[in-house]
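Keep the viewer open and follow along.

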Number of protein chains: 2
Amino acid sequence: MPDQSPWRDLASLMNPKSVAIIGASQRAPSGGLAREPRGNRVIRNLKNFGYPGRIVAVNPKYNEVMDCPCYPDLASIPEPVDCVVLAVPNRHVPDLLESAAAAGVRAAVVFAAGFAEIGAEGKQRQARLEALSKERNFLICGPNCYGMLNVFSKAPLFASTIPQGFLAGPVALVSQSGGLSTTIANALMLNRHVGLSHIVSCGNQAGVTIEEYLNYLVEDDNTGVIAAFVEGFKQPEKLLPVARKAAEHNKPLIILKGGRSDVSKRAAATHSGSLAGAAEVVDAAFRQGGIVQVRSINELIDSISVFSCDTFLKRYRGGRGIGVLSGSGGECTLVSDAAAAVGLQVPELTEVTKSNLQAAVADFGNMNNPLDGTGAMYDDEKIFPRLLQALIDDDNIDFVTINLEANDPRPKELKSGNRFTAIIENAAAASKKPIATFSSVVGGPVDPDILQPLRKAGVPLMEGAECATATLRNVAEYFEFRKIWQGKAGNESSAPAPHAKLPAGILPAEASFRLFESFGIPVAPTVLTRSADDAATAAERMGFPVALKVESLQITHKSDVGGVALKLRTAGEVRDAFTRIDSQVKAAMPAARIDGIVVQRMAGEGVEMILGIKRDPLFGAVVICGFGGILVEVLKDAAIGIPPLSSEQAHDMLKRLRGFPILGGVRGKPPADVDALCGAIAGVSRLAVSLGSQLEGLDINPLIVLPKTQGVVAVDALVEIR
Amino acid sequence: MPDQSPWRDLASLMNPKSVAIIGASQRAPSGGLAREPRGNRVIRNLKNFGYPGRIVAVNPKYNEVMDCPCYPDLASIPEPVDCVVLAVPNRHVPDLLESAAAAGVRAAVVFAAGFAEIGAEGKQRQARLEALSKERNFLICGPNCYGMLNVFSKAPLFASTIPQGFLAGPVALVSQSGGLSTTIANALMLNRHVGLSHIVSCGNQAGVTIEEYLNYLVEDDNTGVIAAFVEGFKQPEKLLPVARKAAEHNKPLIILKGGRSDVSKRAAATHSGSLAGAAEVVDAAFRQGGIVQVRSINELIDSISVFSCDTFLKRYRGGRGIGVLSGSGGECTLVSDAAAAVGLQVPELTEVTKSNLQAAVADFGNMNNPLDGTGAMYDDEKIFPRLLQALIDDDNIDFVTINLEANDPRPKELKSGNRFTAIIENAAAASKKPIATFSSVVGGPVDPDILQPLRKAGVPLMEGAECATATLRNVAEYFEFRKIWQGKAGNESSAPAPHAKLPAGILPAEASFRLFESFGIPVAPTVLTRSADDAATAAERMGFPVALKVESLQITHKSDVGGVALKLRTAGEVRDAFTRIDSQVKAAMPAARIDGIVVQRMAGEGVEMILGIKRDPLFGAVVICGFGGILVEVLKDAAIGIPPLSSEQAHDMLKRLRGFPILGGVRGKPPADVDALCGAIAGVSRLAVSLGSQLEGLDINPLIVLPKTQGVVAVDALVEIR
């Protein structure tokens, strides 16, 4: 359920007009990497970066520090500052923050570690920060972080030294890890020539959450792409709303989510006190929100490299066909493997291209994609531009890529990549198709003489076939998401009304079935009966064959106690079965309270599936659907979605099941009614939204998916209310 | 079936005492990257590298080229050279090679492209090279290659300029791609400080095959690790024998195999005329041969980096527990995810370590693995060495790794990695445990001041958590392979005797079953009968229940024509069924020749599997085993092995099935008799060896795996003889 609480205004923290630094000193060795107090480093960063606002220091020992006025405490500062930077040990933090709030300060950056990540004592310490944030709307960045750098406001409230020549640009980087924030930022600027609008190291998110930063950055005019390294979400209910907002602003949201495995969850919990959530649920949420999910730091870097390149994105018209030009036949093979592994296509060249190539490069034999320029493209300078143009002009190709060793570690005179730079620049200037380059090896010094002119020409650089293909697949998926999302914008079905409170506990079968029907989920005709005659009448009314099942909240394994009879074909069989079940169950479980015996019309033959709702610690109610039997039990082959889900979203979920082809009909069976299954998934998701937090869990098992056009039938179900 | 033909002696090619170069000229602009004739470049390479042998040129226009004696043709050279290097266009190659062989030359390197990789004309051209190699034992490296560099013999018969300061070392690199051979070699030397013994760019393998190079290098004293980029095998039957030999010499064989996908197979076929083979079969062969399979160039580079580090390998005692020390909590999370994804463990620290750490680093809160040094390890120089020692001393840790940004692209004064180098060197000098470092980001200039001293201290460097964890997993798997392999060395069961020739076509059911029994594969008691009375007698002898199935080579779908009766429990039922089947089949297919009706004892309840033999274009007969039904049909969940297979190897195969837990008993079923299943797989593999090339295919479907200790039963089978 999306949280409807309003977003907070983060201006005092993210764009402060004045800052106070606590933890700077006159008696500090300057310039050293480690020994310089962090407070001094922050002041130096502010000055070097040309911060236009007011800087004051707080230290009872001095009147000024590093040419800034210094006051004994926050209350003594003549006019309250927007934001205070705490470069002090953790034990002082809670008191100082409370005094800051009392002095009219609105925001703080807290570098110190030693909070929720170190156990009970730290959790207690952090709780005071959380209270301050919540109760007094005091904005806190951190603790356990490097702070925040707003590039265009020239406001680096940042603990780590910021190098000269910082590259400004459209990318905002949010990282729960301080160390990785600078590692990634440096790689972006120096190895990709990508500029940044913000670096936010958000640490433990005791105050401002990742979701809040994302919202701020979606609204920020200097930011075009938002990238994040996340270990845990603090306001997961706000993630999909902010993703929707990012989609509305057409700002790609690229997230590397750590904490997929159990050990890494332990690690994440340790160092930032985060709750990581089930990886599969996070995957589903990202997919539904159009969030670009990357799986490694390098995929993050290359995805940012491409998503931040306007020219590239503007020229892309959708499609998954990659064209590759390489001088290495081996790389042609490897990049094809990599493309196949991530779901890109490597289409053949059109006949037009082949005959054009034949005319332009007479002796050149191979007319394939990937296009192997061989040694010839190094030996004859006319060849490379013609091959490149052929890919650009080919109608089957959506992305043009050039395998270029821009990171050759050898001395310049031995490198071959440089000579193609100007040719690529020229081709890119006239191209209507997106062009990017990638190297075979990842690593080594990226040559700025290749990197920078190509970047300016709208040709982003990537390293390694694996990251390059994953990145272009990410671009393709993002466009696919936007296409569907734009198609249905303003067309979303209205949220279902909240359901009346149901009694806590397991719902009786009949009530469950009525609930399903009210959300459009077809159920097998089911009647609770209390006598053999009633059962026979009910069976005759609904039609044969029928099943009889004992109804008792105390009996979970009904067949074990003789409580089930199947395939009854006449009224007589029903009467006999009723009597038999009644006596068998009473004999087996004399203490159980029997509410009656359910008569149910048996469903026709179909694919047996399970469809349910589980509660996820992060995202609340999530819909799970899979095939009954070993596929879900042994192979964990389950599709997951976050309610509400449209039928289209349900279909997208199902397609990701490994067993999906089963629904198409295998082993001589007819194709199943996938549309009806999608409808049922959408119905269950509406049910989850309507019941809200009173729904503990739901399990339809089996849901029979009948042959095409014949619908689905819920046969057995368990609904648990809180 | 392993090829028993002897290995050729490659000395004339790989260690030539004299060489002739064709394609060098006096009229050549020297030093230029592209325009210099390749022949001149080879001579310059030879001279720069200090080649001690005789160098002559062949060119009718000159008496000397680049201070080397020059002759008009090969026959005019006073004493035949060992090897000739052809740096000439492809159309001249076949004639020149034939004249070389006639002149007593034993080997050649052919750079030119334009052979099998370009289609019919090129294939014809290449056929002449292949004939020369086969019929006259003439050794050819290439065509379509960069040639060969033997570092310790100082013999670079190599088309690409070799930089000064080439690093000699234990790694031999074989690459089907010329371009990748130098790309990988440069990255190894400059980004990993790893030295090479050979570079072999083998191209189309028209003469010497990859298997032959591998064999030569296994025997070469200067080579300790062999790495290869392979697109296709020319002598796949020799791959497992050479892998066995590498294991005997304890030389790791690390292979990146391109051509997994259909498109990449097309690409590989285009540029080197190679047949790529089914990826799953290659995987199985590599696994069985203890070949370290890597999946990307960077995993290849990092695996070489570690496998070539003697100190590291000598200190490794087996086990999959990785210990990590990092200054970034975020990296602790990511590396844990990466470790879990590749199958490494990240064990908790022992209590001893925790209390030691508590004593040594009083204020330091986190006692976890990964060990997060936080900012504290940068601020307090006593902390890092103590944390590192704690990991080295911890009994749960098999590999110690340090997250170190040796590739920080920033100016030196801003880097933090360097200060830990000396500490790591000291710790490594005294360590009994293997230590390696890895960076978070892959890419950027690797700092030689970190790289080289650490490499000398036996601490290899890797880049990125993904490659680092994959590499250490590769090391662990290699040791696991060696352990099993050494355990059974000299203990292998003798190869089964070749089977007598069987009649071509589909074997009758009874004959198939007798064949299975002779290889120890249990079959359901099965008798072919020709009368109702015979059938009843046979049934009584074997015990009820039985099944009857019509036997006719013309009828494939027996139940469709009423040719099957199941679960017959009395002699009377058998007699009736016989008569009924006979008349039904005759009515449905009056033209079919009926050989009789098979009586078969029905197997008990168990797991239904399929077990078969298929012919792979590369490896010949391969064993395939999987679960019956959708698991193998829809999910392609099949285990593959190359005969002969021991029971242990069969078990290793089975463990890789996604559905493997089914055999352990799911959904209330008892555990299945996995030992008997492994025995059946081994039996089928012996059958494949014994029948050799006369076996077209074999399909046991189903093979019922009964509950533990009760064995397996082959119920239905199809054996096809060529």
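This is a predicted model: local features need pLDDT of at least 70, side-chain atom pairs count only at pLDDT 80 or more; totals for chains, interfaces and linings use all residues.

## Before we start

## Where the chains meet

Let's begin with the interface. The size of an interface is often given as the accessible area lost when the parts come together. For chain B and chain A that comes to about 6400 Å², with 63% of it on carbon and sulfur atoms. On the residue side, chain A puts in 82 residues and chain B puts in 82 residues.

How many salt bridges link chain B and chain A? The count is zero. Polar contacts between chain B and chain A do turn up, in 14 residue pairs with both partners at pLDDT 80 or more. On chain B, the side touching chain A draws at least two residues from each of several elements, including helix H5 (178-192), strand E13 (253-257), helix H8 (262-272) and helix H10 (297-307). H12(B) gives the largest share of that side, nine residues. By type, the residues of chain B's side split into 32 nonpolar, 27 polar and 23 charged.

## A sheet in chain A

Now for the strands of chain A. Seven of them make an open sheet with mixed pairing, in the order E3-E4-E2-E1-E5-E6-E7. Strand E3 (64-65) and strand E7 (139-141) of chain A each have a single partner strand, so one side of each has no neighbour in the sheet.

Inside this sheet, strand E5 (residues 83-86) and strand E6 (residues 107-110) of chain A pair in the parallel sense over four bridges. Helix H3 (residues 93-102) of chain A lies across strand E1 (18-22), E5, E6 and E7 of chain A, and runs at about 165° to E5(A).

## A sheet in chain B

Over in chain B, there is an open sheet of seven strands, ordered E9-E8-E11-E10-E12-E13-E14, and its pairing is mixed. Its edges are strand E9 (155-158) and strand E14 (292-294) of chain B, each pairing on one side only. On average, neighbouring strands of this sheet are turned by 15° against each other, direction ignored.

Strand E8 (residues 147-150) of chain B joins E9(B) in the antiparallel sense over four bridges, and B:Gly147 sits opposite B:Phe158 in E9(B). H5(B) packs on the sheet, touching E9, strand E10 (168-175), strand E11 (196-201) and strand E12 (225-230) of chain B. The direction of H5(B) makes about 160° with that of E11(B).

## Salt bridges

Side chains of opposite charge can pair when their charged atoms come close. Over all chains, the structure holds 50 salt bridges. One of them joins the side chains of A:Lys586 and A:Asp582, at 2.9 Å from N to O. Why are A:Lys586 and A:Asp582 separated by about one helical turn? Because they are four residues apart in helix H21 (residues 571-588) of chain A.

Most residues other than glycine have a negative phi, and most peptide bonds are trans. The peptide bond from A:Gly142 to A:Pro143 is cis, with omega near -5°. A:Pro143 belongs to the loop between E7 and strand E8 (147-150) of chain A.

The bond from A:Phe544 to A:Pro545 is also cis, with omega near -5°. As for phi, A:Lys636 has a positive value of about 50° although it is not a glycine. Look for A:Lys636 in the loop between helix H22 (630-633) and strand E27 (638-641) of chain A.

How values were computed
Residues are numbered from 1 along each chain as its sequence is written. Chains are lettered from A and ligands numbered from 1 in the order in which they are written. Side-chain values use heavy atoms; hydrogens and water are left out. Contact means heavy atoms within 4.5 Å. Buried area is the accessible area (1.4 Å probe) that two parts lose on being put together, summed over both. A salt bridge is a side-chain nitrogen of Lys or Arg within 4 Å of a carboxyl oxygen of Asp or Glu. A polar contact is a pair of N or O atoms within 3.5 Å; within protein, one must be able to donate a hydrogen and the other to accept it, and residues adjacent in sequence count only if both atoms are side-chain atoms. Ala, Val, Leu, Ile, Met, Phe, Trp, Tyr, Cys and Pro count as nonpolar, Asp, Glu, Lys and Arg as charged, and the others, Gly among them, as polar. Two strands pair if DSSP finds at least two bridges between them. Axes are lines fitted to C-alpha atoms, for helices over the stretch in contact, and angles run from 0 to 180 degrees between N-to-C directions.
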